[in-house]
Amino acid sequence: MKKVISILLIFTLACLCAAPALAVTNTTAALTLSADKTTVSVNEIVTITVAVSENSKLGALEFSVDFDRSAFQYVDGSYTQDSLWASTVNPNHANGLYYSAATAGFITQGGTLVTFQLRALKPGSELTLSVIQATDGTTLDGEDVTQQVVANSTDSLKIACSHAGTMVETEYTAPTCTQDGERIYTCSVCGETSIEQIPASGHSFGEWEQTSAPTCTQDGMETRVCAACKATETRVLAATGHDYTAVVTAPTCTKQGYTTHTCSICGDSYTDEYKAALGHSYTAVVTAPTCTKDGFTTHTCTTCGDSYIDSIVPAMGHTAGEWAVTKEPTHTETGLRTQSCEVCGEVLATEEIDVLTGLVGDVNEDGMLNAIDARWALQTAADLRVLRYSTLADVNGDGTVSVVDARWILQAAAGLRTL
Ligand SMILES: [Zn+2]
Ligand SMILES: [Zn+2]
Ligand SMILES: [Zn+2]
Ligand SMILES: [Zn+2]
Ligand SMILES: [Zn+2]
């Protein structure tokens, strides 16, 4: 810094005072270290160049290019020479290459100062340029021509390993379904490593399998398994919801109607849409009483057939009619008479009739047998007379009264026939 200040001071004074005989420039000399390649493999030759910026106007220069002898082997070199300065190179100086130059005036030229070839023994090493000393040039009169210094006292250059054919796989991590794998390569020369990523393979899921079936109201579940790592993935199967079918139950006389909704899948059911019971619709039929049975009214529902009986009327009882002869008595056989109900005809009583005790042929039952009895018989046969018993006139016992009976009675009355 002190040097820079003094340069500025001198420059300022130069401007304020009368211009000196020679122009003083303030360009900055710079030394640079370069190589013809940035990477090398073992035994490859690399050319190193040290150059100085144009018009450096240095009076003297001394620098070294240091390198590791186990990394590089000096092969050959050359350096620029000028009639105005003396220079020398020692490639075997200390740990590297040494260069020095000196002149009575100043180095007029710029560009390449030194070129040398190195054989790479162990690539990956660094070369360092170190300026040992640099002096401003002067005119031949001894006046400074510049306020020159070398700006960069050091420069460095790394000659990296090209890894040509020297990367060897030293580590392998297989990828999994979810994590990347990697291959690590290591350079057998310089030990540098590089990593190659192997993408994760992703799961190899099988088919979805139902692990729990969905019901009408509850979700089910499906699962699938990775064939490689056995990882599982699940997803929900939505509940299906009920599938109701409606069945209408109509109301009856006594029971309410309703609609039943039943799920065809799970059987769940509920009822709604209730309808009131209809009530019975009775019609009345009257059954009249008979002699022996009570009468009643039957109420029957025309809808459902339900029935009941009321308005009982007691049975009337039989009404006895006149006695009627059912078998007329004769002088040898008893007869029979019956009494029946006038209403229903049921036989209520039966009586035997005694045999006839009077004279046979005494039709009018006056105790005498004569022509009057014959005349009564004729009148009976002609339906002009009704006898107490027709058997009084049927003297021949043939079951009917006729003129033959009348004649037989006349013959008996005359003593010509015995009856
Ligand atoms: Zn390497
Ligand atoms: Zn997997
Ligand atoms: Zn259901
Ligand atoms: Zn009914
Ligand atoms: Zn009766």
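**Strand pairing and helix packing**

Tutor: Let's start at Arg224, whose bridge partner in strand 16 is Glu233; helices (H or I, at least four residues) and strands (E, at least two) are DSSP runs numbered from the N terminus. The model is predicted, so local features need pLDDT of at least 70 and side-chain atom pairs pLDDT 80 or more, while totals for chains, interfaces and linings use all residues. Residues are numbered from 1 along each chain as its sequence is written, and chains are lettered from A and ligands numbered from 1 in the order written.

Student: What makes strand 15 and strand 16 a pair?

Tutor: Pairing takes at least two DSSP bridges, and strand 15 (residues 220–225) and strand 16 have six, in the antiparallel sense. Six residues sit between the strands of this hairpin, and Lys230 takes a positive phi near 70°.

Student: Why is strand 16 said to lie largely in the open?

Tutor: Buried means 20 or more other C-beta atoms within 10 Å of a residue's own, exposed 12 or fewer, and partly exposed in between, with C-beta atoms placed from the backbone. Of the six residues in strand 16 (residues 232–237), zero are buried, so the strand lies largely in the open. Across the 419 residues of the protein chain, 16% count as buried.

Student: Why are helix 2 and helix 3 called roughly antiparallel?

Tutor: Helix 2 (residues 371–381) and helix 3 (residues 403–413) pack at about 175°, with axes 8 Å apart. Angles under 35 degrees count as roughly parallel, over 145 as roughly antiparallel, 65 to 115 as roughly perpendicular and the rest as oblique, so these two helices are roughly antiparallel.

Note on methods. Axes fitted to C-alpha atoms, helices over the stretch in contact; angles between N-to-C directions.
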